[in-house]
Amino acid sequence: MIYREDKKSGNKLSALGLGCMRFPRDKAETERIILSAIEGGVNFFDTAYIYPNSEVTLGEILAKHNKRKDIYIATKLPLIMCKSSDDFDKFFNKQLRRLQTDYIDYYFLHSMADFAQWEHFREWGIEQWLEDKKKSGKIRQIGFSYHGNCNDFIKIIDSYAWEFCMIQYNYYDENYQAGKEGLKAAAEKNMPVMIMEPLLGGRLATGLPKQAVEMFAKSNPALSPADWAFWWLWNQPEVTVVLSGMNSNQIVESNLRSTDDFRPLTENELTVYADIVELFRKSYKINCTGCNYCLPCPKGINIPSVFSAYNTRYAQGFIAGMTLYVTSIAGVTKNPVSPRICNGCGKCEKICPQNLPIRKDLKKVARKLESLPLRFAIAILRKIMTR
């Protein structure tokens, strides 16, 4: 395992962190994932109040195996759910109970979008609240996760003595949101930078166009597409922890091997990424990362899966894409949930970290993937399957 120093605290953090948003439903498998990660040297575990059952599950497993002091727990205050300053303690105390602990190592303000939002919470007295928690020892390090433009990111890090931050960053999104400029600005302040979406919702691991996979293999056949994505990040000294939503023990083992085998990329290897990005941009039409923040949809539309199917249609071919699409909309059941039934309420767009025009994109998907012949074929399949 590679360890990188948190220069604010002196903590040695594993370069690979476990993102706990997508634990499998099988609790025994989740237990194996957590214990295997710890055994492999992972010591940074990232969860959040809004991740379904994540804090409770992590807390129970750590308590069961007496592993709390072996790791650093990172969790997040759900800003979007706070209606007043009274909610700060309400959510925080519940998180301590869920996690079965009396302190949080790395506490985020979750999903900051711009400087105005930060100013709003400052008016509520959040700075004093954070400082009080820090003095009491209940919060060890104070930071924020971010989904906004680079200018506001820099204004935020300049306005408070933050001790770490988290940004979305990968070789496809190098200049997206805070981007490389934000990464370097935070590092200049000795802030540890945690990376979310290193694989762009898995698409940089298993969703690359065939030609891109072949280009990577030609450059270095020993590396998988996921290795290429992780190594691009670890190759940058400003990156502290790369989070991976490892939802199977097999993925844990694969990612641990990637970390153990890491070495600096060669100049020839670094030149490959630009060509891969160009191919990727041509084949993927909607930049959804599958974070699921948009769910549940009031109409029951599985928005991330629908977008994934649409992208797959163009990246991996008609059959692969349409097979996934029929599954995504429950197309062979009595009550399929097509994007055509979107009522335009806009709830999804208000909380999308990528600021996607979801309503417009759902209409585009329905128009492209639900031609009359296809709808007729789905109707026949549904009739057969539901007899």
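Student: Which residues does N255 touch, not counting residues up to four places away in sequence?

Tutor: The model is a predicted one. In it, N255 is found in helix α11, which spans residues 249-261. Once residues up to four places away in sequence are set aside, the residues that N255 touches are L16, F230, S244 and M246.

Student: Is N255 buried or exposed?

Tutor: The relative accessible area of N255 is 4%. A residue counts as buried under 20%. Because its value of 4% falls under that cut-off, N255 is buried.

Student: With which side chain does the side chain of N255 make a polar contact?

Tutor: S244 is one of the residues that N255 touches. The polar contact joins two side chains at 2.9 Å, and the partner of N255 in it is S244.

Student: Which residues are in contact with L18, leaving aside its neighbours within four places in sequence?

Tutor: L18 is among the residues with the most contacts inside the largest nonpolar core. Leaving aside neighbours within four places in sequence, its contacts are F23, I33, I34, A37, V42, F44, F45, D46, L243, S244 and M246.

Student: How many residues are in the other core, which lies apart from the largest one?

Tutor: This other core includes I301, I303, Y310 and I329.

Student: At what angle do helix α3 and helix α5 pack?

Tutor: Helix α3 covers residues 86-99 and helix α5 covers residues 126-136. The contact is made by F88, D89 and F92 of α3 and by I126, W129 and K133 of α5; by class, it has four nonpolar, no polar and two charged residues. The crossing is right-handed. The axes are 10 Å apart, and the packing angle is about 35°.

Student: How far apart in space are I104 and T75, C-alpha to C-alpha?

Tutor: I104 lies in strand β6 (residues 104-112) and is buried, with a relative accessible area of 0%. Not counting residues up to four places away in sequence, I104 touches R68, I73, T75, F92, L96, L99, K138, I139 and R140. I104 and T75 are 29 residues apart in sequence, and their C-alpha to C-alpha distance is 7.3 Å.

Notes
Residues are numbered from 1 along each chain as its sequence is written. This is a predicted model: local features need pLDDT of at least 70, side-chain atom pairs count only at pLDDT 80 or more; totals for chains, interfaces and linings use all residues. Side-chain values use heavy atoms; hydrogens and water are left out. Axes are lines fitted to C-alpha atoms, for helices over the stretch in contact, and angles run from 0 to 180 degrees between N-to-C directions. Helices (H or I, at least four residues) and strands (E, at least two) are DSSP runs, numbered from the N terminus. A crossing is left-handed if the near helix is turned anticlockwise from the far one by less than a right angle, and right-handed if clockwise. Contact means heavy atoms within 4.5 Å. Ala, Val, Leu, Ile, Met, Phe, Trp, Tyr, Cys and Pro count as nonpolar, Asp, Glu, Lys and Arg as charged, and the others, Gly among them, as polar. Buried means under 20% relative accessible area, exposed over 50%, partly exposed in between (1.4 Å probe, protein chains only). A polar contact is a pair of N or O atoms within 3.5 Å; within protein, one must be able to donate a hydrogen and the other to accept it, and residues adjacent in sequence count only if both atoms are side-chain atoms. A nonpolar core is a set of buried Ala, Val, Leu, Ile, Met, Phe, Trp, Tyr and Cys residues joined through side-chain atoms within 4.5 Å.
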